[in-house]
Amino acid sequence: MQIPAAFEPPGKRPPAGDHGRLRFFSIRHARLMENLYAAFEPILVRLHPVWARIGYTRLERPVAAVESAVKGALFDCRMCGQCILSSTGMSCPMNCPKNLRNGPCGGVRQDGHCEVYPEMPCVWVKAWEGSRLMRDGDRIAEVQPPIDHRRKGESSWLRVAREKNGAVAPAPKPH
Amino acid sequence: MLRDGDAPMAPHPDDIGPEPHAPLPPLPGHSSRGRLERVLRRGEFAVTAELNPPDSADPEEVYERAHIFEGWVDGINATDGSGAHCHMSSVAICALLTRIGYSPIMQISCRDYNRIAIQGNVLGAAALGVCNVLCLTGDGVQCGDHPEAKPVFDLDSTSLLSVIRTMREEKRFLSGRKLTSGPDLFLGAAENPFAPPYEFRPIRLAKKIAAGAQFCQTQYCFDVPLLERFMQRVRDDGLEQECFILVGVGPLASARTAKWMRANVAGVHIPDAVIARLEGAQNQKAEGKKICIELIQQIREIKGVSGVHVMAYRQEEYVSEIVHESGVLRGRTPWRRDFQHRLQAVESLGA
């Protein structure tokens, strides 16, 4: 437990074991989280004119702070800025010490725990469990493109609002 | 067709090029100009083996370790810092092996390089005659001899496959910049049917195939029923039609080694029954070899399996015996230098 995940600044400990973490609650209630987000996203998108008037640049820091607080509490979100929770059973893949965004590595222990941190359940074992509870859980089979490290810390919510309004091009799909 | 008793059958003529160190002449429908792809596409049961990379700068150590596989395997895997331990680099081992005509499978681990380094390495490897790559995520640095190192993991194994396929098929980098010549590589992925989440494993293989995987080498198989369950799902989804599956096997040196591996090597699953059988044996090493041969024979019978990948860590000298005694080659001879020389001698006579 001494070594931080690759995505984290050095010195930050990875999340503790499976006791009492809210993120495991969120995965167990992946369907509820999916419904909540399904209700939240259209509002976010419809408010695009408001966001545009205030200015996305000006909004970036406060919104990212709120997003980080909410998703940090619920999912141990690492603010990669290109959220794929809906495709990963509500288990944040950036908590994987290898930052795998397409599935588990081959090192998962027989008890379903992480190769690197034996006391932590594998992020992708949990992702698979969460995805089975969701309506759109089969999105776990979509191939995710390589991460864009420039977006770390950015708000995924604002990006969605802009993308769905055609204000910026969506992230390129892998081939 | 064995001639005069012991003399082996000649390798398939397609597998012998005019120059041993150069890729073979291109064939329609093939991505690479390598021997492994030809063997698999001909529908032959392929055998690959893992080379234990030396902790040395001496090329002779690489050649010594490769010679013992000659004439028994269709591809030699050059590991890339396996177990997060430092060894000679996989690209260098492959470059040495292609010089004399061996068919290496270059392993690329996402742990140690970012996308800039990886794409550069892929071009360099193809230029040096490498025809096969195996795209891996890699073990965490924590299990190696430099646990204090910075893990990279810029790409994951699936996105790495898509990056190299883009380089090969669209002749451009991930950035979109054009290549003047793309790398003709046969793309491989790894899969571990023996680790949780079991139901997700076939889907993960499908994702890797969608990203570009053309062959797949699995983790050590010691549990055939578990493999059969996995292969059933693979066949249900028709994945074996799109990707050649080579199942990993290896001899266990003793019950103690088996227990140690099970506890310390990531992703290795050894059932208690296998360990009990080793413990009950007079000669544990011989029993380990016997188990390995039996496993190969059982695996060969599973529909959709295209070959085996022999990982005989520190027992590499037994690979030829294991392959021979298992009978998986069915009298076939993979490429050997003496046959290459014979062919060249015949050609020079004709000229």
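A residue counts as buried here if 20 or more other C-beta atoms lie within 10 Å of its own, and as exposed if 12 or fewer do. Keep that in mind as you look at chain B of this predicted model. By that count, B:Leu227, B:Phe230, B:Met231 and B:Val234 in helix 7 are buried.

**Chain B as a whole**

- Chain B has 12 helices and 8 strands.
- Its radius of gyration is 20 Å, close to the 20 Å that the globule rule gives for 351 residues, so chain B is as compact as a globular protein of that length.
- Buried residues account for 51% of the 351 residues in chain B.
- Take the contacts between residues at least 6 apart in sequence: 78% of them join residues at least 24 apart.

**Helix 7, residues 224–236**

- Helix 7 of chain B has 13 residues and reaches 18 Å from its first C-alpha to its last, close to the 18 Å expected at 1.5 Å a residue.
- Looking down the axis of helix 7 of chain B, you'd find its buried residues within an arc of 100°, so they line one face of the helix.
- An α-helix has 3.6 residues a turn, so residues three or four places apart point the same way.
- Turned away from that buried side are the exposed residues B:Pro225 and B:Asp236.
- The cover over the buried residues of helix 7 includes helix 6, strand 7, helix 10 and strand 8 of chain B.
- After helix 7 of chain B comes B:Gly238, with a positive phi near 65°.

**Helix 4, residues 115–127**

- Helix 4 of chain B also has its end C-alpha atoms 18 Å apart, which agrees with the 18 Å that 13 residues should span at 1.5 Å a residue.
- Its buried residues are B:Ile118, B:Gln119, B:Val122, B:Ala125 and B:Ala126.
- Those buried residues of helix 4 fall within an arc of 125° when seen down the axis, so they line one face of the helix.
- Over on the other side of helix 4, B:Ile116, B:Gly120 and B:Ala127 are exposed.
- The buried residues of helix 4 pack against helix 3, strand 3, strand 4 and helix 5 of chain B.
- B:Gly129 follows helix 4 of chain B, and its phi is positive, near 100°.

**Helices 8 and 9 side by side**

- The axes of helix 8 and helix 9 of chain B come within 8 Å and cross at roughly 155°.
- Angles over 145 degrees count as roughly antiparallel, and helix 8 and helix 9 of chain B are therefore roughly antiparallel to each other.
- Where they meet, B:Ala255, B:Ala258 and B:Lys259 come from helix 8, while B:Val274, B:Ile275, B:Leu278 and B:Glu279 come from helix 9.

Note on methods. Residues numbered from 1 in each chain as written. Chains lettered and ligands numbered in written order. Predicted model: local features only at pLDDT ≥ 70, side-chain atom pairs only at ≥ 80, totals over all residues. Helix = DSSP H or I, 4+ residues; strand = E, 2+ residues; numbered from the N terminus. Expected span 1.5 Å × (residues − 1). Arc of directions from axis to C-beta. Contact = placed C-beta atoms within 7 Å. Rg over C-alpha atoms; globule rule 2.2 N^0.38 Å. Axes fitted to C-alpha atoms, helices over the stretch in contact; angles between N-to-C directions. Parallel < 35°, antiparallel > 145°, perpendicular 65-115°, else oblique.
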